[in-house]
Amino acid sequence: GPQKTGVPLTLLGLHDFHDVAVVEMGMRGLGQIAYLADIAEPDVGVVVNAGTAHVGVVGSAEAIAQGKSELFFGLSPGGTAIFPAGDPRLSARAEAAPRRMSFGPEPAADVRLERYEPAPGGSRIAVRTRGGERAEAFVPVVGRHNAENAACALACAAALGVSLAEAAEGLATAKPPALRAEVEQVAGRRVLVDCYNANPASVDAALDTVAERREGARALAVLGDMLELGDEEASAHRAMGARAAELGYEVIALGERAQHAIEGARASGGSATSASDPQAAAREALARTRAGDWILLKASRGARFERVLEALRARADRLTN
């Protein structure tokens with residue numbers, strides 16, 4: 001499958017003039033990262049997190065941590081393992097690597113996210129290394145989770161010998177990939193488009209991102225299906241609806257698992273309804289909001305939620321013309 005062709009193809013595209021390559025490794029089961037690391041022989045191995053994203057495919061959160069940690073065993077002789085300071089499972093497995101660097105808000109982190117403040121179009125952060133170096137940076141992607149990702153990127157740069165100040169300056173030029181934590185204006189509403197992927201942790205992060213920015217404006221969430229959750233599917237969708245309601249969102253749920261999200265939202269005292277298709281979701285979202293309000297679009301890639309965004313834009317054009 002694509003897991004076994006993507007990494008070799010990336011490596012075959014490298015030339016003498018390349019200094020650094022960033023190679024993403026996908027995992028659909030144990031042994032796959034080990035196989036890919038064997039081909040790539042990475043100098044720096046990064047596990048950003050080991051949540052429950054593929055639990056329906058791999059079996060358990062513990063198995064996900066085990067599978068991702070295979071990377072730490074496949075590093076080059078002087079290689080560095082980079083992992084979140086707050087995850088004891090990854091921390092323990094990183095012991096296998098020649099060098100180790102942790103990142104995150106924890107005081108013990110080698111690259112510590114010391115301060116995080118939402119700012120227009122992103123966030124402002126301050127980081128401090130265990131060696132006492134400190135830097136401030138602007139991260140042009142919204143959300144606390146992306147500020148932690150920025151600390152991870154700074155740890156990678158440090159592992160490759162780049163100074164903290166230089167790396168922090170480079171963060172300002174980062175761009176979010178399409179459909180991943182982009183904020184755009186549609187009919188005066190602020191729409192956070194985050195539909196590249198969805199699992200319980202990333203949904204919570206997206207809900208928090210809008211909640212911390214809304215400043216009294218209304219917030220509505222159009223929530224789609226989270227895929228690959230196995231036995232936890234119903235409870236995870238109920239929890240998603242409940243969390244949205246607790247944070248003060250109106251919920252519009254779209255997809256085969258919409259009913260679970262609606263039950264969760266209503267059980268927590270929230271207003272929730274289902275939409276039959278992307279057009280209906282867009283229509284409802286605009287009817288229930290006004291200029292200045294927030295709309296969050298969040299779903300797994302398979303739900304193709306950019307169709308909701310397109311429908312929002314099309315209706316907005318009709319509103320303004």
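I began at strand 6, where V139 is the bridge partner of S123. Strand 5 (residues 122–129) and strand 6 are antiparallel, with 6 bridges between them. For pairing I required at least two DSSP bridges between two strands. Strands (E, at least two residues) and helices (H or I, at least four) are DSSP runs numbered from the N terminus.

The model is predicted: local features need pLDDT of at least 70, side-chain atom pairs count only at pLDDT 80 or more, and totals for chains, interfaces and linings use all residues. Residues are numbered from 1 along each chain as its sequence is written, and side-chain values use heavy atoms, with hydrogens and water left out.

**Strand 2**

Which strands does strand 2 pair with? Strand 1 (residues 44–46) pairs with strand 2 in the parallel sense over 3 bridges. V46 has I82 as its bridge partner there. Strand 3 (residues 99–104) also runs parallel to strand 2, joined by 5 bridges. I found A81 opposite R100 in strand 3. From strand 2 the chain passes through helix 5 (residues 88–93) to strand 3, a right-handed β-α-β crossover. Right-handed means that, with the strands pointing away from the viewer, the path from the first strand over the helix to the second runs clockwise.

I then checked burial. Buried is under 20% relative accessible area, exposed is over 50%, and partly exposed is in between (1.4 Å probe, protein chains only). 5 of the 5 residues of strand 2 (residues 80–84) are buried, so the strand is largely enclosed by the rest of the structure. In a regular strand the side chains alternate between the two faces of the sheet. In strand 2, T80, I82 and P84 are buried on one side, and A81 and F83 on the other.

Helix 4 (residues 61–73) has 13 residues. I get 19 Å from its first C-alpha to its last, close to the expected 18 Å. The expected span is 1.5 Å times one less than the number of residues. Its buried residues include A63, I64, G67 and L71.

S76 sits in the loop between helix 4 and strand 2. Is S76 buried or exposed? S76 is buried, at 14% relative accessible area. Its side chain makes a polar contact with the side chain of D43 at 2.8 Å. A polar contact is a pair of N or O atoms within 3.5 Å; within protein, one must be able to donate a hydrogen and the other to accept it, and residues adjacent in sequence count only if both atoms are side-chain atoms. Leaving aside neighbours within four places in sequence, S76 is in contact (heavy atoms within 4.5 Å) with E41, P42, D43 and P98.

**Two single residues**

V7 is in helix 1 (residues 2–12). V7 counts as buried at 2% relative accessibility. Not counting residues up to four places away, V7 touches V23, E24, M25, L36 and A40.

E106 is in the loop between strand 3 and strand 4 (111–119). At 27% relative accessibility, E106 is partly exposed. Beyond four places in sequence, E106 touches A85, G86 and R112.

Strand 7 and strand 8 (residues 189–194) are antiparallel over 5 bridges. Q185 has R190 as its bridge partner in strand 8.

Last, helix 9 (residues 233–246). Its 14 residues reach 20 Å, close to the 20 Å expected. Buried residues of helix 9 include A236, H237, M240 and A244. Their cover includes helix 8 (200–211), strand 9 (219–223), strand 10 (250–254) and helix 10 (258–267). Just after helix 9, I noted a positive phi of about 90° at G248.
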